[in-house]
Amino acid sequence: MDKNNLTPEESLLLISKTIEETKQRFQENGHILVLWGSITFLVFFLQYFFSLTGLYKKFDIIWTCILFPLGAIYTFVYVRGKEKKNNIPKTILGRIIGTMGWVVGMNIMILALVFKDHLGNAMAPIFLILFALQIIIVGVSIKFKPLIIGGILLNLIGFGTFLVHPKYYGFSLMLGSLVGFIIPGILLNIAKKKENV
Amino acid sequence: MFNDLDPILHSQLRLSIVSILMTTGEANFSFIKDTTKAAAGNISIQINKLQEAGYINVVKSFKNNYPNTTIALTSKGREAFETYVNDLKKYINPK
């Protein structure tokens, strides 16, 4: 493969084809977004369910301490496996998105486990706003509109949560996971499948 | 006919390599080989030519006891690519 008598049209076509092929190897299929949306939805649905049955105090910390770390371990293994399988190099953008994901995730875990009492009722809206920032940045980075819109809606739900009674915070978090993670994740998955047909 | 075009970049494989690096910033040898589907020997030759021109930096190291060659685009390489694309556009749409 080496040809030096390329026409300008062939050169431009080669450039756009190579850039497109390279980008495709980096594309995320929405799998991780759906996973995190589902975990968040499940955690808050279970918390709500246990609060109705009076078992909230017993099970609250268990679900948060089991499901979120399990999700983090799975994400780490999945991302590392994908990088190794596809031989994907680390790009500046990839590093920014990855680092931001871990930093936001760790901060949310620390806030939930250590500073729960300090945050009080502000915890749920702050979580939603932190998640929203992450979703918007990822959406803008990969230029995927449903993710940007999902992130903006999640941000608005976060601010809106300050205005509702704390007993409805569980619903805000479930709605936020659905709007910010699950729906954009499924749409991203569908978009990638269409591209690969 | 295309004398003004940068001869270093006006080659199919070298152009592919630089296009990959324009997208990723840096990449290892295996990634370039998988994406271009070219022979390893041919890629090595073209990488040397790009390195001699100062368009890329090559760092050889070991990863899990295996040799790992990382190739990164330099600012000179990025500028050369941008100039090359602008020149191509002039050929296609001369005004």
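Student: Where is confidence lowest and where is it highest in chain B?
Tutor: The lowest mean is 86, in strand S1 (residues 26–28) of chain B, and the highest is 94, in helix H3 (residues 40–52) of chain B. The score is pLDDT, the predictor's confidence in each residue from 0 to 100, and helices (H or I, at least four residues) and strands (E, at least two) are DSSP runs numbered from the N terminus. This is a predicted model, where local features need pLDDT of at least 70 and side-chain atom pairs count only at pLDDT 80 or more, while totals for chains, interfaces and linings use all residues. Residues are numbered from 1 along each chain as its sequence is written, with chains lettered from A and ligands numbered from 1 in the order in which they are written.

Student: And what does chain B average?
Tutor: A pLDDT of 88, with 96% of the residues scoring at least 70. For the complex, the predictor gives an ipTM of 0.82 and a pTM of 0.65.

Student: Which elements does chain B have, and in what order?
Tutor: Chain B has four helices and three strands, running α-β-α-α-β-β-α from the N terminus on.

Student: Let's pick helix H1 of chain B. Is H1(B) largely enclosed or open?
Tutor: H1(B) is largely enclosed by the rest of the structure, because 11 of its 13 residues are buried. Buried means 20 or more other C-beta atoms within 10 Å of a residue's own; 12 or fewer is exposed and in between is partly exposed, with C-beta atoms placed from the backbone. Among the buried ones are B:Leu15, B:Val18 and B:Thr24.

Student: What comes just after H1(B)?
Tutor: B:Gly25, which takes a positive phi of about 85°.

Student: How do H1(B) and H2(B) cross?
Tutor: Their axes come within 10 Å and cross at roughly 120°. Axes here are lines fitted to C-alpha atoms, for helices over the stretch in contact, with angles from 0 to 180 degrees between N-to-C directions. The contact is made by B:Leu13, B:Ser16, B:Ile17 and B:Ile20 of H1(B) and B:Ile32, B:Thr35 and B:Thr36 of H2(B); contact means C-beta atoms, placed from the backbone, within 7 Å.

Student: Nice. What does A:Thr40 touch?
Tutor: Leaving out residues up to four places away in sequence, A:Thr40 touches A:Leu173, A:Ser177 and A:Phe181.

How values were computed
Two residues are in contact if their C-beta atoms, placed from the backbone, lie within 7 Å.
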